[in-house]
Amino acid sequence: MNATINLEKKHFPVLLDELISIISPLYGGTFIDCTFGQGGYSREILSNKNNKVVALDRDPETLIEAKKLLKKFKGRFRFENEKFSNINALKISDQNLKAIIFDLGYSTSQINDSKKGLSFNSKGKLNMRLGKNLISADDVINKLSYEKLNKVFKFFGDEQKSKIIARNIIKKRLKKKILSEDLVNIIESVKKKYSKTNKSTKVYQSLRILVNNEVSELIFGLINSFKLLPVGGILAVVTFHSLEDRIVKFFFKNYSDEKKSSRYLPELKENKKIFKVINKKPITPSSQEIKLNPSSRSAKLRCVQKIYNHKNFDEFLKKFEYLLKIEEFADQL
Ligand SMILES: C[S@@+](CC[C@H](N)C(=O)[O-])C[C@H]1O[C@@H](n2cnc3c(N)ncnc32)[C@H](O)[C@@H]1O
C-alpha cells in the first residue's frame, strides 16, 4: 500500500510509507502518536479499522485537526494536549499497546505561524513557544548572560560564531530591546561569508531547543515510553537535526543487541540488552519525497523493538548531562 500524500492541504507526513511498513505487522492494537501535528500519522494508522490511536501534542492549536479525527474515528481515537515527556501521566494501561511514535520538530503550519515566531523570517517580539512553556525566546535573548548565550548557541546550535554573536547581543540590548529582525541583523553582520543555508538557522535552532526544552523532552520522552511499552512493542523516532539524532542513536544503540558486551564478564541483569535494532542505518526520505517536500531532506527514521523490561538509564543520563545543564539556564529567567 502506498500511503497517500495530501497534496491539496500541502501537508506532507515525513517518511510515512517507511514508518507504516515497519509498524503495520503489529496492526490490531493501540499506537501512541507522541507528535500529532496535522494528524498525518494518526489518520493513516486509523485507516485500519483494527487500530486505536492515542495522540498527544503540546501545541493547543493541533486540537482543531484532532477534533476532526475524534469525530471520524469515534471510540478509536483519543487526543491529549500534553508534552510527551509526561506520557506516563496519561494513564495508558492498554495491554494491547503496539508502538510509540515520535516525529520530532515542527510542522510547516507552525513554522509559518507568525505568532509563534519560530522562523527567522518573523518580525517583532521573539517568541518560539510551542505550548506549555515557561519562557520565550524574548526572555532568552534579552535577559540571559553572555556566557550562557554563548553556550546555548554553541551546544544547541553548533554555531561557530557563538561568542561574537552573544557579545553583540549584549551590546545591542543595552540600547534597546532585541526583536526578531534585530537578531537576524546581528547574526548577518557577524557572518559575512557566503553560506548555503540561512545564516540565522543555527541560532534560531538553538533558541527553539532551549525555549521548548527539547533535550529533556526527548530524553524523558524516550525513557518514559520505554517504561510504558510492553516487550515486543516498537519505538520509532523521526529526527530532524543532529543533536536530537545523536540522543536517539545513543539510546537505541547503547541498549541494543548492537553493542558488544565482554565475553569474559557474567551478564548482569542491568547489562541485558533491552532493544533489537530494526534498521541498522537510519531510513531517510527518497529523492521523490525530498522533491515534493524539501524540508524532509534532513529527516532520519530510527526504530527498535523492545525485547527486555529491566533497565536503569544512568549511562544515558550521564552522557547528555551537559546538555540538560544548559537547559537549566532557562530556570533562572
Ligand atoms: C513534525 S510535527 C508532526 C507531524 C505529524 N507526524 C503529522 O503527520 O502531521 C511535530 C509535532 O510535535 C509537536 N511537539 C514537539 N515537541 C513536543 C513535545 N515535547 N510534546 C508533545 N508534542 C510535541 C509539535 O507541536 C508538532 O505539532
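Biologist: Let's start with the overall picture. How many helices and strands does the chain have?

Modeller: There are 14 helices and seven strands. Keep in mind that this is a predicted model.

Biologist: And how is the chain divided into domains?

Modeller: Domain 1 takes in 16-109 + 214-312, and domain 2 covers 134-211. Their C-alpha centres lie 31 Å apart.

Biologist: What does the radius of gyration say about the chain?

Modeller: You hold it up against the value for a compact globule. With 333 residues, that would be near 20 Å, and the chain has 21 Å, so the two agree. Along the principal axes, the C-alpha atoms fill a box of roughly 60 × 55 × 40 Å.

Biologist: What share of the residues is buried?

Modeller: Buried residues come to 42% of the 333 in the chain. As for contacts, take those with a separation of 6 or more: 69% of them are between residues 24 or more positions apart.

Biologist: Where does K91 sit, and what is its phi?

Modeller: K91 has a positive phi, near 55 degrees, and its place is in the loop between β3 (77-80) and β4 (97-103). Only 12 or fewer neighbours count as exposed, and K91 has 5 other C-beta atoms within 10 Å, so K91 is exposed.

Biologist: And what about D158, where is that one?

Modeller: D158 lies in the loop between α6 (146-157) and α7 (162-175). Phi of D158 is positive too, near 55 degrees. Here 14 C-beta neighbours fall inside 10 Å, so D158 counts as partly exposed.

Biologist: Last one, the ligand. How many residues surround it, and which are the closest?

Modeller: The ligand is surrounded by 20 residues, and the closest are P13, T35, G37, G40 and D103. To read the shell by class, sort its residues: six are nonpolar, eight polar and six charged.

Methods: Residues numbered from 1 in each chain as written. Predicted model: local features only at pLDDT ≥ 70, side-chain atom pairs only at ≥ 80, totals over all residues. Domains from an automatic or database assignment. Near = placed C-beta within 6 Å. Nonpolar A, V, L, I, M, F, W, Y, C, P; charged D, E, K, R; others polar. Helix = DSSP H or I, 4+ residues; strand = E, 2+ residues; numbered from the N terminus. Buried ≥ 20, exposed ≤ 12 C-beta atoms within 10 Å, placed from the backbone. Rg over C-alpha atoms; globule rule 2.2 N^0.38 Å. Contact = placed C-beta atoms within 7 Å.
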